[in-house]
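Open the model in your viewer and keep the selection tool at hand. The tour moves from stop to stop, with something to select at each one.

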Amino acid sequence: MGPIWSSYYGNCRSLLFVVDASNPTQLSASCVQLLGLLSAEELAEASVLILFNKIDLPCYMTIEEIKSLIRLPDLIACAKQNITTIEISARKGTGLSDVLRWLQDTHKTNG
Ligand SMILES: Nc1nc2c(ncn2[C@@H]2O[C@H](COP(=O)(O)OP(=O)(O)O)[C@@H](O)[C@H]2O)c(=O)[nH]1
Ligand SMILES: [Mg+2]
């Protein structure tokens, strides 16, 4: 779907990017997509929420290792956008209240 994402950039105030934390083999491709989004001029003002999903599943890498592999601290430091990360399980509902709070706060701030 990546190739058509840019047709949705106009008027986009917030961006939720979901990373499958149970499948580190997808991580580099996912990171390239994310960097593309963050460098898009039309998304410079957007608030960004990166969701690490499927934390209920066993994985050979920890979330900390995943964050380190995509150089998340550098990415957050260099991005124009305000970036938040939340670890979630869409299946179990873990982190859902944090996501809802982020949406509420973000849209409150943006008016
Ligand atoms: N265990 C678990 N499964 C999930 C979670 N979120 C989505 N899924 C399952 O993942 C499957 C979809 O795969 P997904 O990787 O999300 O999408 P795709 O990569 O586009 O096929 C569905 O069977 C969902 O029920 C989660 O947090 N935990
Ligand atoms: Mg998948």
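**Stop 1: glutamine 33**

Select glutamine 33, which sits in helix α1. Helices (H or I, at least four residues) and strands (E, at least two) are DSSP runs, numbered from the N terminus. This is a predicted model, in which local features need pLDDT of at least 70, side-chain atom pairs count only at pLDDT 80 or more, and totals for chains, interfaces and linings use all residues. Residues are numbered from 1 along each chain as its sequence is written, chains are lettered from A and ligands numbered from 1 in the order in which they are written, and side-chain values use heavy atoms, with hydrogens and water left out.

Now show the contacts of glutamine 33. Not counting residues up to four places away in sequence, glutamine 33 touches Gly2, Trp5 and Phe17. Contact means heavy atoms within 4.5 Å.

**Stop 2: the largest pocket**

Keep glutamine 33 selected. The largest pocket holds about 260 Å³ of space. Its lining has 16 residues, and the closest to its centre are Trp5, Phe17, Val18, Gln33 and Leu37. Select those five.

Here is how the terms work. The search uses a 1 Å grid over the protein atoms alone. A pocket is an open set of points with protein on both sides within 12 Å along at least five of seven lines, whereas a cavity is a set of points where a 1.4 Å probe fits but cannot get out. Lining residues have an atom within 4 Å of a point. Grid points are joined across faces, edges and corners, and a volume is the space filled by probe spheres set on the points.

Which element gives the most to the lining of the largest pocket? Color β1, which contributes six residues. Both β1 (14–20) and α1 (27–38) supply at least two residues each. By class, the lining has twelve nonpolar, three polar and one charged residues. Here Ala, Val, Leu, Ile, Met, Phe, Trp, Tyr, Cys and Pro count as nonpolar, Asp, Glu, Lys and Arg as charged, and the others, Gly among them, as polar.

**Stop 3**

Next, select Asn53, Lys54, Ile55 and Asp56, which an unreviewed UniProt entry lists under "binding site". UniProt positions are given in the numbering used here, feature names are shortened, and annotations may be inferred rather than shown by experiment.

Center on lysine 54, in the loop between β2 (47–53) and α2 (63–69). Its phi is near 70 degrees, a positive value in a residue other than glycine. Leaving out residues up to four places away in sequence, lysine 54 touches Asp20, Ser22, Ile88 and Ser89.

Move to isoleucine 55, in the loop between β2 and α2. Beyond its neighbours within four places in sequence, isoleucine 55 is in contact with Ile63, Glu87, Ile88, Ser89 and Thr94.

**Stop 4: salt bridges**

Side chains of opposite charge can pair when their charged atoms come close. A salt bridge is a side-chain nitrogen of Lys or Arg within 4 Å of a carboxyl oxygen of Asp or Glu. The whole structure has five salt bridges.

Start with lysine 54 and aspartate 20, whose closest N and O atoms are 3.1 Å apart. Lysine 54 lies in the loop between β2 and α2 and aspartate 20 in strand β1, so the pair ties together parts that are 34 residues apart in sequence. Lysine 54 is partly exposed at 33% relative accessibility, whereas aspartate 20 is buried at 18%.

Now select arginine 71, in the loop between α2 and α3 (72–78). Its phi is near 55 degrees, a positive value in a residue other than glycine. Arginine 71 meets aspartate 74 in a salt bridge (2.6 Å, N to O). Arginine 71 is exposed at 55%, and aspartate 74 is partly exposed at 37%.

Finish in helix α4 (residues 96–109), where arginine 101 and aspartate 98 lie three residues apart, about one turn of the helix. Their side chains form a salt bridge (3.1 Å, N to O).

Conventions. Buried < 20%, exposed > 50% of the residue type's maximum accessible area, 1.4 Å probe, protein only.
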